[in-house]
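Q: Could you take me through one part of this model up close, the metal site, and then show me what sits around it and elsewhere in the fold?

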Amino acid sequence: MKKLILFVFILPFLYSCEQNKSQPPNIVFIMSDDHAFQAVSAYGHGLNNTPNIDRIAQEGALFNKGFVTNSICAPSRAVMLTGKHSFINGKVDNIQDFNWEQPNFAKDLQGAGYQTAMVGKIHLRGLPQGFDYSAVLPGQGHYYNPDFIINGVKERIQGYVTSITTQLSLDWLKNKRDKNKPFLLLYHQKAPHRNWQSEEKYLTLFDDKTFDFPENFFDDYKDRPAAAAQEMLIAATEEQIAAAHGKGGHGRWGHDFKFLIDPYGRETRFNKELERYTPKQKAAWLNAYTPKNEAMKASKLEGKDLALWKFNRYLKDYLRTIQSVDDGVGEVLNYLDETGLAENTIVVYTSDQGFYLGEHGWFDKRFMYEESLRTPILMRYPKEIKPGTQINQMIQNLDFAPTFLDYAGVAIPKEMQGESFRKVVSKENSEWRDAIYYTYYEYPSVHMVKRHNGVRTDRYKLIHFYYDIDVWEMYDLEKDPAEMNNIYNEPAYAEIQEMMHKRYDEMREKYGDSDALDKQFIDSYVNR
Ligand code: SGN
Ligand code: CA
């Protein structure tokens, strides 16, 4: 009898304890699209409240110097998956195809026995490889009643995209995965991407508030010709809007500011966008926006007042969409708590890049200036990360793939260019890189941000704009965090400039970038 008890009850119990101890961690990798760190309340900018996202850092770590390698959507995702710079993984801009055949960390984890899923926005054409389950938006996806491609089959789902992405993720966690295996979930939101259509319950959030301009909203772009040439102004004049290349550039009355008939009496294309809404969704939208839009027209604003109105319309819509993202994070964290999975699950919140919330007068991203180079990173893993940890080392999205493999106990392929930051975040070791490298290629294109690359150290940044321009910029981030004063060629900085050029050359060499590659990507883009 004693033997029977040992075999039937005690041994399996001991075995399952052992299993739990050595079970590799689960990974929930949350990414939103265009979420500026300024709009995560944990970073202390006071614009909005994101209590659920903040919770990840309260119970884990907040990264104060999280950066991307190429501040645009699809390339950023390709870097995140492969752990390689754009010029190595081949996905340098939103336009070229991504080669799914190449290795990625989800494939590595799948090979090591993980259950893997990808839900939401990936923005890379073709069936995602490395995932047992995928439910992705085609391209940019729609805010209302979006299509999803579920394991390769397209289906329209009624509702709001952010909640649907959360529900599909929870459904996979609860009902679809093999619960005997560790899991990797990529839970990737479309919001807060342009054109910032909010969920019904948030259509009037912030209506009672007026946000002030950031200090450098009315930037004159002195000594910064590439910054002057962009087309991503929130408050462009009618002449600037009309002169923009293509129609996607500066903020527009219909698409961005959501007028059905603009203040000059012109019907906009936003009417067409509303056709996707159900009658109930449309009624809620009309109910919320008609009075605001009529009041704005009646006030006949001009100059600075008009700019302030546009800035507020933009920022409020943008922040409204984030509220739904934050709700979803709360639901997923609750699920992990309720099921007891929280302890052995790594949760990361990040964005595919940063975003301008009026700094330099802009929305969008692309530039190597701080607001778009930086991205929020918050991470929780109770087993190794102490609550309230602050990370000040320069981490890049390049590092996610090797870091996850490190935690999972899977060998990091030597071709990966990122580094595992596991020991940095557990404070076991503070040794880390002292410079990061950046590249941007998509030009000429919407928003007209010129091709550039550069290097950033803790204090300085050197940028080279090329192709139809040959301009260097340098910034002293300690003295000039808003990057308004280009100090390139200032005699007082001669030595630092030389040192930064050296770092720049070293970075290009280290990662395998070159003038020949720059030229190759110009040729494949211009002659595509
Ligand atoms: C769309 C947007 C742009 C945005 C790009 C890239 N215009 O073209 O404002 O910069 O996507 O964004 S919109 O008319 O579609 O709103 S990315 O995040 O996918 O790289
Ligand atoms: Ca993006």
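**A close look at the calcium site**

A: Along the chain, the donors of the calcium ion (ligand 2) are spaced as D-D-x317-D-Q. The site links distant parts of the chain: Asp33 sits in the loop between strand E1 (26-32) and helix H2 (51-58), while Asp352 sits in the loop between strand E9 (345-351) and helix H12 (370-373), 319 residues apart. Keep in mind that this is a predicted model.

Now for the donors themselves. On the protein side, the calcium ion (ligand 2) gets OD atoms from Asp33 and Asp34, two OD entries from Asp352, and OE1 from Gln353, at 2.1 to 2.8 Å. The angles subtended by the 6 donor atoms run from 50 to 171 degrees, so the arrangement is irregular. For reference, six octahedral donors would ideally give 90 or 180 degrees.

Gly354 and His35 lie 319 residues apart in sequence, yet 5.9 Å apart in space, C-alpha to C-alpha. Setting aside neighbours within four places in sequence, Gly354 is in contact with Asp34, His35 and Ala36, plus Lys365, Glu371, Ser372, Arg374 and Thr375. Asp34 is also one of the calcium donors.

The largest nonpolar core has 90 residues, and Phe63 and Phe105 have the most contacts inside it. Not counting residues up to four places away in sequence, Phe63 touches Tyr43, Ile377, Leu378, Met379, Ile391, Ile395, Phe421 and Val425. Another core, of 27 residues, lies apart from that one and includes Val68, Met232, Leu233 and Phe465.

Helix H6 (residues 161-176) has its own set of buried residues, among them Val161, Ile164, Leu168, Trp172 and Leu173. The buried residues of H6 pack against strands E4 (115-120), E5 (133-136), E6 (147-150) and E8 (183-188), and against helix H11 (303-338).

Last, the open space. The largest pocket has a volume of about 1,200 Å³. Its lining takes in 41 residues, with Arg194, Gly248, Arg252, His255 and Glu273 nearest the centre. Helix H8 (238-243) and helix H9 (270-274) are the elements that give two or more residues to that lining.

Notes. Residues are numbered from 1 along each chain as its sequence is written. Chains are lettered from A and ligands numbered from 1 in the order in which they are written. This is a predicted model: local features need pLDDT of at least 70, side-chain atom pairs count only at pLDDT 80 or more; totals for chains, interfaces and linings use all residues. Side-chain values use heavy atoms; hydrogens and water are left out. Donors are N, O and S atoms within 2.8 Å of the metal (3.2 Å for Na, K and Ca); water is not among the atoms, so sites may look incomplete. Four donors count as tetrahedral if all angles lie between 85 and 135 degrees; four count as square planar and six as octahedral if opposite donors are over 155 degrees apart and all others between 65 and 115; anything else is irregular. Helices (H or I, at least four residues) and strands (E, at least two) are DSSP runs, numbered from the N terminus. A nonpolar core is a set of buried Ala, Val, Leu, Ile, Met, Phe, Trp, Tyr and Cys residues joined through side-chain atoms within 4.5 Å. Buried means under 20% relative accessible area, exposed over 50%, partly exposed in between (1.4 Å probe, protein chains only). Contact means heavy atoms within 4.5 Å. On a 1 Å grid over the protein atoms alone, a cavity is a set of points where a 1.4 Å probe fits but cannot get out, and a pocket is an open set with protein on both sides within 12 Å along at least five of seven lines; lining residues have an atom within 4 Å of a point. Grid points are joined across faces, edges and corners, and a volume is the space filled by probe spheres set on the points.
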